[in-house]
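Here's a quick look at a single chain, going from its fold to its surface and then to one annotated stretch. Have the viewer open as you read.

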Amino acid sequence: MAIPSVLLNFLFPPPSSLFVTTMSVIGISTLTNAGFMELKGKHMQYSKFLNVGAAKKEKEMKLSSRNGMLWFYTPAFLVGLASLLVFHDQDQRFVLLASALTIHFLKRVLEVLFLHKYSGSMGLETTIIVTLSYTLSTATMIYAQYLSRDLPDPSIDLKYFGIGLFMIGIIGNFYHHYILANLRKEGEKEYKIPQGGLFDLVICPHYLFEIFGYVGISCISQTLYAFAFTTGTIFYLTGRSCATREWYISKFGDKFPKEVKAFIPFVL
């Protein structure tokens, strides 16, 4: 896959891999399409959007939200951990990338086990789709980095900037997950309007910080695949955030503060 020469200041040359090229196209196209589907009211069936915007499947196997989310994140965490154990003689950038991905998904697993509160279930189909997306994207990102080991480094090194952005993303994401987890007391299942942190400005600050985290990972990696996947993720989370804001407005009506945006303060 040829890319403009100016981008080679920021990116490794794409490796000669049909698999990585195909996954780059699939990743950005499917995630971007999923974001547009969210805007059109056709939602991924988990969390507050279970059975919203889709025909209810009476016979579909359901998992508890806790178990479904464990399936989301655990395989990707294991892929990251295995890459550190198997490819132990790699360069600094590879180790940083694999470590960042492992930390990202370990954090999510620990949040599922010890932080989040649950009130519903999710369909098996959605669980499989999201699990495959996280697992395959993590494996492909690490593989693309491995293939880039003998390629010339980009002239502009972004990995240390990426580390800082990744840390901001992971801390900000955790902080707002913590606020969400403490909205409801033990035994409560009703949704409430989040307050505190950036929730006073946007309804999905945890998505905003997740994007910071993925942009940071892309800057650590500086591969075309990493940026392609992150671009698709931005489109998806933008659509999901806008749909979430509309959901809160439909549920709470005039009680929802209209000045609160979707996920970019004062803008969107």
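Helices and strands here are DSSP runs, with helices being H or I over at least four residues and strands being E over at least two.

## Fold layout

This is a predicted model. The chain holds seven helices and two strands. Reading from the N terminus, the order of elements is α-β-α-α-β-α-α-α-α.

## Overall dimensions

How does the chain's radius of gyration sit against a compact globule? With 268 residues, such a globule would come out near 18 Å, and the chain has 19 Å, so the two agree.

## Packing and contacts

Of the 268 residues in the chain, 47% are buried, meaning under 20% relative accessible area. Take the contacts with a separation of 6 or more: residues 24 or more positions apart account for 81% of them.

## Surface and charge

The chain's accessible surface is about 13,400 Å², and carbon and sulfur atoms own 66% of that. As for charged side chains, there are 24 positive and 18 negative ones. The centres of these two sets are 7 Å apart.

## The annotated stretch

UniProt, in an unreviewed entry, puts the annotation "domain: 3-oxo-5-alpha-steroid 4-dehydrogenase C-terminal" on residues 158-268. What is the helix and strand content of that span? Residues 158-268 are 62% helix and 0% strand, and the end C-alpha atoms of the span lie 27 Å apart.

Note on methods: Residues are numbered from 1 along each chain as its sequence is written. This is a predicted model: local features need pLDDT of at least 70, side-chain atom pairs count only at pLDDT 80 or more; totals for chains, interfaces and linings use all residues. Side-chain values use heavy atoms; hydrogens and water are left out. The radius of gyration is taken over C-alpha atoms; the globule rule is 2.2 Å times the number of residues to the power 0.38. Buried means under 20% relative accessible area, exposed over 50%, partly exposed in between (1.4 Å probe, protein chains only). Contact means heavy atoms within 4.5 Å. Accessible areas come from the Shrake-Rupley method with a 1.4 Å probe; for residues, only the protein chains shown count as cover. Lys and Arg count as positive and Asp and Glu as negative; His and the chain ends are not counted. The place of a charge is taken as NZ of Lys, CZ of Arg, CG of Asp or CD of Glu. UniProt positions are given in the numbering used here, feature names are shortened, and annotations may be inferred rather than shown by experiment.
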